[in-house]
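Please keep the model open while you read.

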Amino acid sequence: MTLAVRRSSSPSLWVGLGLVGLVVVTALASFLWTPHDPTLVDAAQRLRGPGTDYVFGTDKFGRDLFSQVMVGARTTLFVGVVAVGVAALIGTPLGVFAAMAPKWLGEFVMRVNDLVLAFPALLLAIVFGAVFGADTLTAMIAIGIASVPSFARIARSGALGVMSTEYVLAARSAGRSRTAIAVRHVLPNIAGLVIVQSSVSFAIAVLSEAALSFLGFGTRPPTPSWGRMLQESQELLAVEPRLALVPGVAIAIAVLGFNLLGDGLRDRYDPRLEVRR
Amino acid sequence: MKRISLFLAALLVAGCSAGSTASAPRDPNAITIGFSAEPANFDFTRTDGTAIPQALLYNVYEGLVKLDENGQVKPLLAESWRVSPDRLSYEFSLRANASFSNGSPFTADNVKFSIERVKTTWGISQKSKMDVVSRVEVLAPTKVRVTLSRPSNNWLFDMTTRVGAMFSPDGVADLPNNPVGTGPYDVAARNRGSSITLKANPRYWGPKPAYETVYLRYFKDSTALNNALLSNGIDVVSAVAAPDSMPQFENDTRFNVTQGITNGEVVLSFNGRKAPLNDVRVRRALTQGIDRRVLLDTAWAGRGELIGSMVPRTDPWYTDLTGVNAYNPENAKKLLAEAGQQNLNLRLRIPNLPYAVTSAQVVKSELNKIGVGVSIEPLDFPAVWLKSVFTEHDFDMSIIQHVEPRDITTFGNTKYYWGYDSPKVRRLLAEGDRGSPEQQVTAMREVAATLADDAAACWLFLFPNLIAAKKKVGGLPLNQISEAFDLTILRRAGS
Amino acid sequence: MTVQILRRALIFVVSALVASVAVFGLLAVLPGDPAQVALGVSATPELLAKTRQEFGIDRPLATQYFEWIGGVFSGDFGNSYVTREPIGPQLVDRLGVTMWLVGAGMLVALLIALPAGVFAAVRHRRASGSVISGLSQLGVAVPGFVAAIILVQVFAVQLRWLPAGGWTPPIVDPLDFLSGLLLPALSLGLVQGAVLTRYVRSSVIDVLREDYLRTARAKGLTPYRALLRHGLRNASVPVVTVLGLQLATLLIGAVVIERVFVIPGLGSMLLDAVSNRDLLTVQGIVLVLVLAVLLVNFVVDVLYTVLNPRLRQAS
């Protein structure tokens with residue numbers, strides 16, 4: 001089976017790539033340069049409006065909003081990478097294993113998988129936060145674990161498809177080991193599916209971090225995080241709506257970017273679409 | 001099966017007993033007041049925390065005496081009292097016409113019962129305030145004599161707090177759910193997670209309160225509390241916990257605002273039990289490294305007062321100590337160098353409460369400037385903070401608002417979480433408690449000055465009393481220095 | 001089909017039991033001594049020991065588990081460590097509130113997604129269809145609590161049309177109940193509606209491509225009529241599945257929304273219990289939430305079996 005490359009350019013893909021690229025470049029740039037120290041408290045610059053010196057103005061601590069957004073992009077990417085990393089690294093092998101193992105074992109693995117699905121990400125993160133102390137990493141591992149089932153499902157159904165193709169059947173009859181088949185044939189062929197799911201899960205992780213930081217279970221102060229910036233902006237919402245607008249738009253850009261990227265990639269990689277349209 | 005159908009029936013009437021709250025504003029005899037911390041139950045004799053006395057003291061329960069908003073001890077169930085020349089015995093004359101909400105009359109026997117019950121049955125730390133009482137004698141139905149084992153100025157003051165509340169032997173069977181007191185209000189309903197309804201007690205001995213019905217509504221989120229008033233959902237915000245939003249109320253003709261003081265000292269506490277914070281030079285350096293004016297201006301919108309020690313302005317021994325260990329970052333660096341602590345990294349473990357989270361970020365920024373690394377760890381409050389910081393002393397620095405009246409005495413308790421141990425302070429505290437009121441003032445002044453000089457802690461600011469209310473509500477307290485939110489002083493505007 | 005459903009039921013029961021062990025195990029390691037929390041700051045060691053005994057947390061974990069789960073079967077979730085009152089009745093009460101909220105949120109989502117999704121599908125090659133798709137993409141990218149904050153600011157604080165928060169039970173005052181429910185339901189439903197719109201759109205597009213619909217349209221029916229007559233049942237299969245998944249999302253989304261609107265539902269109960277380290281209450285709430293999700297999944301599976309014509313024929 002070859003991956004169907006359906007259309008060379010889809011608008012979702014390019015817009016998604018553009019938005020995600022913006023977030024990534026911002027995050028990388030923040031390592032080299034920010035206009036101001038994002039955590040430096042300066043009473044004299046308190047609640048300044050947008051201007052040349054402070055592009056988006058300052059918050060109630062006199063901290064530069066633009067610098068915070070820049071460093072916040074790092075937090076957002078970190079969050080996504082950890083959560084998606086945990087989910088993909090556990091979920092994908094699990095799904096492939098379930099597809100290739102004896103039927104009863106595969107079935108059992110998927111039942112356990114379904115059970116994990118019953119623990120919603122946010123609930124798991126709140127409980128993990130209570131158990132291990134609330135911070136970004138704990139929250140993201142929880143989100144990651146909660147996203148394992150979707151990867152396992154995708155990987156399993158993809159792997160089942162690959163397993164029934166002629167060349168895999170040929171490889172099996174030639175006496176190749178299961179591991180070899182999994183590495184040589186199955187994983188490369190489901191990579192596209194996993195990447196699509198990663199993009200979607202990334203968006204979910206970003207939203208979850210925002211909600212958790214809002215509830216106080218996420219990123220610790222003063223590390224800039226878009227979710228915490230939103231939470232801190234609340235009391236000033238009526239007077240200084242920009243304090244909420246800036247991180248709100250940032251979150252929307254990241255989530256929109258990863259969702260569009262996922263859609264675009266799906267259009268390219270999803271074999272079902274090839275049949276359908 | 002029957003159980004399941006019962007369960008379903010309960011679900012269908014969905015939250016019928018949970019929180020009916022929105023109908024208050026239509027009744028002219030009712031008032032709705034918003035608070036942030038909800039009582040877990042009604043039993044402050046066994047459950048710690050400030051939420052229960054805030055709702056019940058002076059409103060449902062009364063003591064012999066009460067604290068007014070200027071910090072003066074005033075008569076309540078006692079009409080008057082006489083102190084013996086050796087200041088060991090107090091003879092109280094009681095009101096003859098007071099009675100409990102269950103109908104039982106209030107007499108001297110109740111005083112004996114209540115005070116002794118603190119010593120025998122209460123389960124919270126404040127019970128130790130009654131340790132000094134050696135004997136309670138009923139002289140007549142309206143006369144009672146309390147004898148102390150040593151003279152104590154603090155005892156009468158403490159009688160204005162929850163430990164002084166009067167109970168009836170036939171009213172203590174179910175304290176968590178059914179409080180029985182002599183106060184102007186009686187608990188009529190409670191909706192866990194949202195509100196408590198108080199109704200005027202028809203048997204009350206004193207003047208009828210201005211509002212027949214009082215709804216106490218609880219909002220865990222400070223913005224939600226503000227929004228409730230802004231959208232006409234409640235009449236009063238008892239304490240604005242998002243000070244940057246005050247202009248919203250001040251610039252709106254619908255509202256009155258008051259800004260006074262509380263006795264809540266927001267303290268950056270140092271763990272004096274271990275190095276390097278057992279070194280006075282390090283504590284002084286940290287204190288001098290923080291510009292507390294900047295902190296107050298940014299973290300709490302400049303609302304509140306700077307204090308240099310553990311004394312609010314309403315205490316008789318207040319002096320301005322803000323000049324002691326004042327902001328001086330250069331000297332702070334010098335002190336750190338002297339102490340050999342140029343590469344200091346400290347854990348700031350704070351409760352996850354708004355004032356602590358905002359203050360901590362300023363503390364970190366300020367201390368970074370003098371080369372001290374700070375990592376902020378917000379802990380769930382109350383559970384985790386109480387366990388690991390307060391009880392197990394696992395912290396370098398913390399930030400907490402100390403709200404108990406006259407809590408300067410905690411510096412005499414070497415087991416307290418800040419582990420401050422100064423024989424001089426302990427001696428002065430004991431002298432102050434024993435001596436005449438004048439001697440007390442002198443001794444306590446010296447305690448405050450010693451603490452400030454020692455940098456026993458860093459006093460960030462005194463928490464302001466910020467109240468916002470509809471114009472129709474009058475009599476709002478300027479200061480909030482007792483444990484109670486006193487409903488009896490509320491009036492209708494213009495009357 | 002009956003065999004299918006029975007099999008699903010069995011899986012549901014086993015999953016529920018395993019989940020209860022997982023919930024218990026996870027929370028058994030929670031730091032913070034419940035006895036310490038209940039007693040406050042100056043509890044004596046003797047009092048602590050006594051309270052631990054009273055709570056039954058000095059016994060082996062297995063004993064604690066069986067006693068707990070045995071009680072749960074008869075609706076007894078134990079007594080809260082903090083309020084010392086039975087947890088069961090509280091749970092039922094709070095769950096009731098949350099279910100109103102989730103139900104109303106779902107209704108909002110459906111009211112948005114069905115018309116918008118069908119419209120976008122029928123016109124998916126035209127600009128108006130693309131606009132709907134684009135809007136739904138945007139809607140998915142906005143966190144629910146941000147929608148909530150904005151709605152409160154506009155409709156409660158500025159316009160003062162609706163309350164900013166609070167809860168009135170329907171029996172006490174139906175009008176207050178509805179006006180209080182509107183903003184939270186909108187906050188929950190807008191975002192879910194955006195998600196759902198995309199699924200409705202894609203499944204309707206699929207159905208529109210089927211031969212029988214082409215035939216119906218060739219006979220002169222408008223696309224909407226053709227869909228109404230022939231296609232809705234088929235389009236509903238994937239939508240019902242997503243709806244089930246979304247119910248779970250709504251249940252958890254309600255945790256955040258309840259905080260913003262100060263609604264005394266299961267979510268605020270959970271957050272309070274967590275910050276009080278009211279272990280047994282947290283345990284009860286998490287169990288109820290997980291069971292609710294499992295139950296929804298079970299029902300969706302059953303519906304899927306019933307609705308899907310291919311599966312029906314197979315059995």
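## Helix H13 of chain B

The buried residues of H13(B) are covered by elements that include helix H4 (153-158), helix H12 (423-434) and strand E16 (457-470) of chain B. Covering is judged by contact, meaning heavy atoms within 4.5 Å. Helices (H or I, at least four residues) and strands (E, at least two) are DSSP runs, numbered from the N terminus. The buried set is B:Gln440, B:Ala443, B:Met444, B:Val447, B:Ala448, B:Thr450, B:Leu451 and B:Ala452. Buried means under 20% relative accessible area, exposed over 50%, and partly exposed in between (1.4 Å probe, protein chains only).

H13(B) covers residues 437-454, and its 18 residues should span 26 Å at 1.5 Å a residue. Its end C-alpha atoms are 26 Å apart, which agrees. The expected span is 1.5 Å times one less than the number of residues. Just after the helix, B:Ala455 takes a positive phi of about 50°.

## Basis of the model

This is a predicted model: local features need pLDDT of at least 70, side-chain atom pairs count only at pLDDT 80 or more, and totals for chains, interfaces and linings use all residues. Residues are numbered from 1 along each chain as its sequence is written, chains are lettered from A and ligands numbered from 1 in the order in which they are written, and side-chain values use heavy atoms, with hydrogens and water left out.

## Helix H4 of chain C

H4(C) buries C:Gln64, C:Tyr65, C:Trp68, C:Ile69, C:Gly71 and C:Val72. Seen down the helix axis, these fall within an arc of 155°, so they line one face. The arc is that of the directions from the helix axis to the C-beta atoms. The buried residues pack against helix H1 (2-28) and helix H12 (279-307) of chain C. Exposed C:Phe66 and C:Phe73 sit on the face turned away from the buried side. C:Gly75 follows H4(C), with a positive phi near 80°.

## Cavities

How many cavities of 30 Å³ or more are there? The count is 7. A cavity is a set of points, on a 1 Å grid over the protein atoms alone, where a 1.4 Å probe fits but cannot get out; lining residues have an atom within 4 Å of a point. Grid points are joined across faces, edges and corners, and a volume is the space filled by probe spheres set on the points.

The largest cavity holds about 90 Å³. H8(A) gives the most to its lining, with 3 residues.

Definitions and conventions:
1 Å grid on protein atoms, 1.4 Å probe; cavity = no way out; pocket = protein on both sides within 12 Å on 5 of 7 lines; lining within 4 Å.
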